[in-house]
Every structure is written in C-alpha cells, then in structure tokens.
Amino acid sequence: MEYIMTTAGTNSEFGFMLASTGISGTFGSLGNSSYGWSYARGAGIGHNGTYITSSVSTWTTGDVIMMAFDAVNNSVWFGKNGVWQGTGSPNPATNTSANFTGLTGTYIPAIGGYNGVVASVNFGQQPFNYTPPTGFVALNAYNM
C-alpha cells in the first residue's frame with residue numbers, strides 16, 4: 001500500500017490498527033496507541049507510544065510512504081520513496097528487519113491527520129509508484 005500526503009496539516013500518519021477496537025471520533029495518534037501502528041510525519045515509526053527514529057527518514061508533502069504487511073509471518077515494514085526504513089537492513093522480500101513482528105489479530109489500514117491534511121491511499125487500484133516486494137500483492141478481495 002502507498003500513502004501520499006498532498007496537503008500538509010498538523011500531523012499525518014499512515015499505518016494500520018486492530019479491527020476489533022471499534023474506534024470512532026478523535027482518539028489521538030495511531031502510533032501512540034496500543035491498537036495502532038504507523039509511520040508518522042516528523043515522529044518516526046511507532047506503536048504504543050514508542051517510536052523507531054534510528055535510520056528512519058522524516059517525510060513531507062509528495063513523499064510516497066509504503067507499507068508491506070505480512071499476515072503469514074505477522075510482520076510489517078514501512079518505507080519512504082522506495083527505501084524501507086528502520087534499523088538493520090529492512091527487506092520485506094526476505095522477511096528481515098521488520099519494523100514490527102508478532103502481530104496477531106485482524107487488522108485494517110488506517111490513516112491519521114488533522115488541521116487540513118489531504119492525502120491519498122493506493123491499495124493497488126492503480127499502479128504503485130514503487131514495485132511491491134517479491135511475494136507481496138495489492139490489498140483486494142482476490143488476494144485475501
């Protein structure tokens with residue numbers, strides 16, 4: 001999946017959350033919660049209030065933020081403009097140095113932002129800007 005912020009606001013993030021949380025309304029940052037994981041502009045890659053900032057680039061308007069979610073190995077990677085982010089040598093195709101592992105449950109993609117953020121998300125309904133890693137496919141009913 002790819003996320004592109006076209007208009008900056010106060011905060012913007014791309015990630016996923018547990019489907020069973022039933023969140024509605026304002027709930028704060030995905031990366032600050034126990035039910036969300038995200039790549040946040042200016043904050044890094046986070047979950048439950050802990051952010052990975054080492055070897056993680058900040059991003060801004062026009063950058064392509066990528067996410068590779070591996071439901072078989074329960075892992076996820078985030079990237080920016082074709083480069084996977086994080087410590088080690090993150091590579092979803094070889095299942096190495098995932099940003100998060102041990103994921104269990106049912107998840108849904110999620111975005112966050114406020115104060116004027118405008119963004120688009122590509123689940124594969126159009127060609128991706130960057131080729132998905134080997135073994136990863138677009139999110140659609142056929143591939144589930």
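Asp63 is buried, with a relative accessible area of 13%; buried here means under 20% relative accessible area, exposed means over 50%, and partly exposed lies in between (1.4 Å probe, protein chains only). The side chains of Asp63 and Lys80 meet in a salt bridge, with 3.9 Å from N to O. That term stands for a side-chain nitrogen of Lys or Arg within 4 Å of a carboxyl oxygen of Asp or Glu. The structure holds 1 salt bridge. Asp63 lies in the loop between strand E5 (50-52) and E6, while Lys80 lies in strand E7, so the pair ties together parts that are 17 residues apart in sequence. Side chains of opposite charge can pair when their charged atoms come close.

Before we go on, a word on what you are looking at. This is a predicted model, in which local features need pLDDT of at least 70 and side-chain atom pairs count only at pLDDT 80 or more, while totals for chains, interfaces and linings use all residues. Residues are numbered from 1 along each chain as its sequence is written, and side-chain values use heavy atoms, with hydrogens and water left out.

Let us turn to the strands. Helices (H or I, at least four residues) and strands (E, at least two) are DSSP runs, numbered from the N terminus. Two strands pair if DSSP finds at least two bridges between them. An open sheet of 5 strands has the order E8-E7-E6-E1-E10, with antiparallel pairing. Its edge strands are E8 (83-84) and E10 (118-122), each of which pairs on one side only. Within this sheet, 3 bridges join E1 to E6 in the antiparallel sense, and Tyr3 has Ile65 as its bridge partner in E6.

Now follow strand E3 (residues 36-40), where 5 of its 5 residues are buried. In a regular strand the side chains alternate between the two faces of the sheet. In E3, Gly36, Ser38 and Ala40 point one way, and Trp37 and Tyr39 point the other way. Strand E2 (residues 11-18) runs antiparallel to E3, and 5 bridges join them; Phe14 has Tyr39 as its bridge partner. E3 also pairs with strand E4 (residues 44-47), again in the antiparallel sense, over 4 bridges. There, Ser38 stands opposite Gly46. The hairpin of E3 and E4 has 3 residues between the strands, and in it Gly42 takes a positive phi near 85°.

Which residues touch the most other members of the largest nonpolar core? They are Phe16, Tyr39, Met67, Val76, Phe78, Phe100 and Leu103, out of 17 residues in that core. A nonpolar core is a set of buried Ala, Val, Leu, Ile, Met, Phe, Trp, Tyr and Cys residues joined through side-chain atoms within 4.5 Å. The elements that give two or more residues to this core are E1 (2-7), E2, E3, E6 (64-70) and E7 (75-80). A second, separate core of 7 residues includes Ile4, Val64, Trp84 and Phe136. Contact means heavy atoms within 4.5 Å. Not counting residues up to four places away in sequence, Val76 touches Phe16, Met67, Ala68, Phe69, Ala98, Asn99, Phe100 and Leu103.

Two serines are worth a visit. Ser12 sits in strand E2 and is buried at 0% relative accessibility. A polar contact of 2.3 Å joins its side chain to that of Tyr3; such a contact is a pair of N or O atoms within 3.5 Å, where within protein one must be able to donate a hydrogen and the other to accept it, and residues adjacent in sequence count only if both atoms are side-chain atoms. Leaving aside neighbours within four places in sequence, the contacts of Ser12 include Met5, Tyr39 and Trp59. Ser75, in strand E7, is buried too, at 4%. The side chain of Ser75 reaches the backbone oxygen of Asn73 at 3.1 Å.

Finally, look at two loops. Asn48 lies in the loop between E4 and E5, has a positive phi near 55° although it is a residue other than glycine, and is partly exposed at 46% relative accessibility. Asn81 is found in the loop between E7 and E8. Asn81 has a positive phi of about 50° without being a glycine, and with a relative accessible area of 27% it is partly exposed.
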